[in-house]
Structure formats: C-alpha cells, structure tokens
Amino acid sequence: MKIGERREIRRVFTTEDVGAIAALGGGTAGDTVPEPLIAALFSYLLGVELPGPGTNYLKQEIVFAAPAPLGAPLVASVEVIRLRPEKGLVDLWAAARLEDGTLVAEGRSLVKFADLAKA
C-alpha cells in the first residue's frame with residue numbers, strides 16, 4: 001500500500017434497490033439514493049478493495065454535498081492519503097461523484113489494518 005493508491009466502484013441504484021432497503025426499515029423510498037447507501041460504497045471499498053480484508057473502521061467523516069438521483073451512475077472512490085505503519089493506521093479520502101463530475105459526498109476515513117506490510 002502506498003500514498004496515492006486508489007480504488008473505485010461504479011454503481012447504479014434503482015427504485016427497486018431503494019424500495020427493498022426502505023421496506024427493511026419500515027420507511028418509504030424517495031427519488032434519490034439514501035446517504036447510508038452511498039456510505040456503504042465506501043465501506044465496501046475499504047473492506048474488500050483497499051486496504052481490504054482485516055480493515056477496521058476507527059473514524060469516518062462524510063459531507064453529503066448533493067443528492068444522487070436514482071438510476072444515475074455513481075462512482076465512489078477511496079485513496080490513501082497517509083500511512084502510519086508503526087500504528088497500523090491508514091487515512092483515506094473517500095469521494096462519490098455522478099458521471100458528470102458532480103460531487104455527491106466526500107470525506108476522510110481512518111482505518112486500522114492488521115498488517116500494512118501485506119497490503
């Protein structure tokens with residue numbers, strides 16, 4: 001793992017996706033992607049892609065800048081901005097944008113990773 005290393009995922013959330021999530025919580029679906037689903041993209045990237053399995057969230061700060069319409073492609077990314085191998089800590093910048101570049105969400109994630117040498 002190194003400073004500047006980056007991963008991303010592209011996802012289109014549908015009315016059916018949001019309806020299923022809303023039904024679990026007893027709510028109703030709107031016409032935009034709920035913020036927790038956007039944050040879940042960051043969780044996926046951190047836990048599966050970078051740093052990957054063995055990652056533990058310590059802190060996450062996300063600012064939601066604009067709504068993400070249902071059916072619009074959303075690109076979420078995480079990028080390593082600081083490494084503290086002596087403590088097993090990784091700081092990452094997370095961002096989600098629509099295909100036209102509109103910023104939907106961004107913020108910092110601090111995670112602990114068991115073995116940075118293997119990352």
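Predicted model: local features only at pLDDT ≥ 70, side-chain atom pairs only at ≥ 80, totals over all residues.
Visitor: Why does Ser 109 count as buried?

Guide: The cut-off for buried is under 20% relative accessible area. Ser 109 has 1% relative accessibility, and therefore counts as buried.

Visitor: What makes β5 mostly covered?

Guide: The strand has 11 residues, and eight of them are buried. Over the 119 residues of the protein, 36% count as buried.

Visitor: How do you know that β2 and β5 pair?

Guide: Pairing needs at least two bridges between the strands. β2 and β5 have nine bridges, so they count as paired, in the antiparallel sense. In this pairing, Asn 56 stands opposite Lys 112 of β5.

Visitor: And what makes β4 and β5 a pair?

Guide: The criterion is again at least two bridges. Nine bridges join β4 and β5, which are antiparallel. Asp 91 stands opposite Leu 110 in β5. The hairpin of β4 and β5 has four residues between the strands, and there Gly 101 takes a positive phi near 95 degrees.

Visitor: What joins β3 to β4?

Guide: These strands run antiparallel and share 10 bridges. One of the bridge pairs is Leu 74 with Leu 98, the latter in β4.

Visitor: What order do the strands of the open sheet have?

Guide: The five strands are arranged as β1-β3-β4-β5-β2, with antiparallel pairing.

Visitor: Why do β1 and β2 stand at the edges?

Guide: Each of these two has a single partner strand, so one side of β1 and one side of β2 lack a neighbour in the sheet. On average, neighbouring strands of the sheet are turned by 20 degrees against each other, direction ignored.

Visitor: What does α2 touch where it packs on the sheet?

Guide: Helix α2 touches β1, β2, β3, β4 and β5, and its direction makes about 50 degrees with that of β3. The buried residues of α2 are Leu 37, Ile 38, Ala 39, Leu 41, Phe 42, Leu 45 and Leu 46. Their cover includes α1 (15-25) as well as strands, among them β1 (6-11) and β5 (103-113). As a general point, an α-helix has 3.6 residues a turn, so residues three or four places apart point the same way.

Visitor: Which pattern does the protein follow along the sequence?

Guide: The pattern is β-α-α-β-β-β-β, made of two helices and five strands. Among contacts between residues at least 6 apart in sequence, 66% join residues at least 24 apart.

Visitor: How do you know that the radius of gyration agrees with a compact globule?

Guide: A compact globule of 119 residues would have a radius near 14 Å; the protein has 15 Å, which agrees. The C-alpha trace spans about 45 × 30 × 20 Å along its principal axes. The accessible surface comes to about 6500 Å², with 54% belonging to carbon and sulfur atoms.

Conventions: Residues numbered from 1 in each chain as written. Heavy atoms only, no water. Buried < 20%, exposed > 50% of the residue type's maximum accessible area, 1.4 Å probe, protein only. Contact = heavy atoms within 4.5 Å. Rg over C-alpha atoms; globule rule 2.2 N^0.38 Å. Areas by Shrake-Rupley, 256 points an atom, 1.4 Å probe, with all protein chains shown as cover. Axes fitted to C-alpha atoms, helices over the stretch in contact; angles between N-to-C directions.
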